[in-house]
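Visitor: I am new to reading protein models. Could you show me one and take my questions?

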Amino acid sequence: MPFLFTCPHCDFSSRIANHFAGDSGPCVNCGKSVLILQPQFEGSVDPDVKTSNATGLALLLILGGLVFFATVGGLIYVVVVPQVARQRQNAVHQRTRLRLAKIGQALQMYSQSHGSYPPAITYDAAGKPMHSWRVLILPELGYPELHARYDFTQPWDSPVNSAIGYEMPVEYASATDPTARSQNESSFYVITGKGSAFPDSGTTRLEDIRDGTRDTVLVAETPAYGFSWLEPRDIRLARLESRVNGSPGQSFASESPLGPQVLTADGEVRTLRFDAPAEAIPALATIDGGEAINWNAVATD
């Protein structure tokens, strides 16, 4: 026969079946742990109590479980998932940084061996563009065999050289730019034209950078936009947009939510702020403009 049990914590009464006597569990009303004791005196059973303790306990356990899993799931979604996403973003960003840094090392090695940075473009006797700086530094970048197979007597888009176009070094692809790697299109470009480190004629020595190596960009990230890494094509200083993440091929831009990265002449790789001052962009691209660069306003690192 069922008996009447009253919670010692909240005085809530419920009708309990005999076989639950001696069990313990949370109170249906207040949730505190109670030991269910059957009264030892006659008349303690109230037949009018309608609450079923067994049903209440089952519902309480079910609801408690749902609340627990909902809470844990919510914490995973709110805390863990964003943290994993940030870690992945940082890892991809770091891979891009390392690739750009390796390009910087290759440029420095080339400069030490040849007395100057490579020309952005080499021309034939008729003034036709022939080869890109990306091909010229292949030995320093760690690809001497690829450099040896390239035919410098033929233009970059000749049949023999076009075949090499399918073997783009991974260093020329930003890790945040899937198109670059799949289509063999570079994500990294030098800035060319009068006043830049890569003029239209001649070459630049390290000592020619009067603005200081720390404040002069040699190579910038910009998303691949449909051109082979072999093609002598880069960012023209005269067309450089004074904003970050503008048009591909005409701005310092990236698909990374952390911002585009640039290589300065001192060999450092820096991540530009999306809100970098407009006047700072062309200042970074020149070698003797005399502009002062406030890196706190320009870059995040």
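Visitor: Which backbone nitrogen lies 3.0 Å from a polar atom of the side chain of Thr222?
Guide: This is a predicted model, where local features need pLDDT of at least 70, side-chain atom pairs count only at pLDDT 80 or more, and totals for chains, interfaces and linings use all residues. Residues are numbered from 1 along each chain as its sequence is written, and side-chain values use heavy atoms, with hydrogens and water left out. Thr222 is in contact (heavy atoms within 4.5 Å) with residues including Ser247, Pro248 and Gly249. The nitrogen at 3.0 Å belongs to Gly249.

Visitor: Is Thr222 buried or exposed?
Guide: Buried means under 20% relative accessible area, exposed over 50%, and partly exposed in between, using a 1.4 Å probe and protein chains only. Thr222 has a relative accessible area of 0%, so this residue is buried.

Visitor: Where is Thr222 found?
Guide: Helices (H or I, at least four residues) and strands (E, at least two) are DSSP runs, numbered from the N terminus. Strand E8 covers 217–221 and strand E9 covers 235–236. Thr222 sits in the loop between E8 and E9.

Key. Polar contact = N/O pair within 3.5 Å; in protein donor to acceptor, adjacent residues only side chain to side chain. Lists of a residue's contacts leave out its neighbours within four places in sequence.
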